[in-house]
Amino acid sequence: MNLNAISLRHIRVFLVIVRERSLRRAAQALHITESAVSKSLRELENAVGVRLLQRDRRGATPTPAGETFHRHATQGAASLALAFEAVQRRREPREPLRVGALPTAAAFVVRIGVQRMFERYDDIAVHVESGHYEQLVARLRAADIDLIIGRMVSRDMVGLSFELLFDEDIVAVVRRDHPLAGATMVSIDALADYLLITPSPGTQVRAVVDSYLFASASRPLLRHLDTQSETFARAWTLESDAVWFAPRGLVTPDLEHGLVSELPLTSPLLRAPFGITTMTDVPRTRAAAVFIEIVRGVAAEQ
């Protein structure tokens, strides 16, 4: 076999002959003369060293060697077509999508949403940045990001639109070998023996936690450690007997990996609205509209 003598033209002519079952019809499909088709086939068979087609008055049919060659040539042509398509797509500029994600959203809803974006769309370039609400809103108003995924914050909503996706649980977690881990019921009074790690005053999650804690008739004296750093709160929780109050989405990876245990606190007060924030008067890009639809689907599964 002389591979250097085989060109894409030979392969294309051969595939069309097999498809049309005729040199004449192949010539018509390729818009070349029948003699040119015959010459290409002869050159291919000489290079391969075997007869690939049996020709008679009924047309052209593959020999056993031709059938084998056709199967592999078809796969090679398909792979080459995909290669050309992939290169062409890379030459085209991808539409940008800039997502602002509150930390609780970044670890769960946004992560799943971006994964599905990559599975379904390869012409959208995704950029995700996480931060606190005030930072992300400033970026949204400046058109540096397209939308925010996370909890609703009622401060200064002028010009902003919020779409509720679901009410997110605020949970209390402890290290897995904590004295309260595995308890069937934990009261607010029982929390008085431990340091409570909570978001800083003025945040929505802190307001939700305070409403829950102050709802107790006994109102025990509770010790708080306020922080806006999830990394600090996680590290402190894992190395102490502290109880960390956080949105479920933020600690879901820790719960799934068995790093922390959720305390059985059941209260309708421990919930906060979670959704999508966009600018009211700014048209959505195609990429933003697609991502919002995907996030709605992710939220509907929760």
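Modeller: What follows treats the salt bridges, then the aromatic pairs and finally the helix packing.

This is a predicted model, in which local features need pLDDT of at least 70 and side-chain atom pairs count only at pLDDT 80 or more, while totals for chains, interfaces and linings use all residues. Residues are numbered from 1 along each chain as its sequence is written, and side-chain values use heavy atoms, with hydrogens and water left out.

The structure holds 21 salt bridges, a salt bridge being a side-chain nitrogen of Lys or Arg within 4 Å of a carboxyl oxygen of Asp or Glu. One of them joins Asp146 to Arg98, with the closest N and O atoms 2.8 Å apart. This pair links distant parts of the chain, since Arg98 belongs to strand β3 (residues 95–101) and Asp146, 48 residues apart from it, to the loop between α7 (133–141) and β5 (147–151); helices (H or I, at least four residues) and strands (E, at least two) are DSSP runs, numbered from the N terminus. Asp146 is buried at a relative accessible area of 16%, whereas Arg98, at 28%, is partly exposed; buried means under 20% relative accessible area, exposed over 50% and partly exposed in between, with a 1.4 Å probe and protein chains only.

Another salt bridge, between Glu163 and Arg296, also has its closest N and O atoms 2.8 Å apart. It too connects distant parts of the chain, with Glu163 in strand β6 (residues 160–175) and Arg296 in helix α12 (residues 286–300), 133 residues apart. Glu163 is partly exposed at 24% relative accessibility, and Arg296 is partly exposed at 29%.

Elsewhere, salt bridges with shared partners join Asp169, Arg248, Glu262 and Arg271 into one network.

Turning to the aromatic rings, the whole structure contains three aromatic pairs, where rings of Phe, Tyr and Trp (its six-membered ring) pair if their centres lie within 6.5 Å, and planes under 30 degrees apart count as stacked, over 60 as edge-to-face and the rest as tilted. Phe14 and Phe69 form an edge-to-face pair, because their planes stand at 80 degrees, with the ring centres 5.3 Å apart. Phe14 lies in helix α1 (residues 8–20) and Phe69 in helix α4 (residues 64–91), so this pair ties together parts that are 55 residues apart in sequence. Phe14 is buried at 1% relative accessibility, and Phe69 is buried at 19%. The rings of Phe166 and Phe274, by contrast, are stacked, because their planes are at 15 degrees, and their centres are 4.7 Å apart. With Phe166 in strand β6 and Phe274 in strand β11 (residues 271–279), the pair ties together parts 108 residues apart in sequence.

Finally, the axes of helix α6 (residues 109–120) and α12 come within 9 Å and cross at roughly 120 degrees; axes are lines fitted to C-alpha atoms, for helices over the stretch in contact, and angles run from 0 to 180 degrees between N-to-C directions. That makes α6 oblique to α12, as angles under 35 degrees count as roughly parallel, over 145 as roughly antiparallel, 65 to 115 as roughly perpendicular and the rest as oblique. Among the residues that meet there are Val110, Met117 and Arg120 in α6 and Phe291, Ile294 and Val298 in α12, contact meaning heavy atoms within 4.5 Å.
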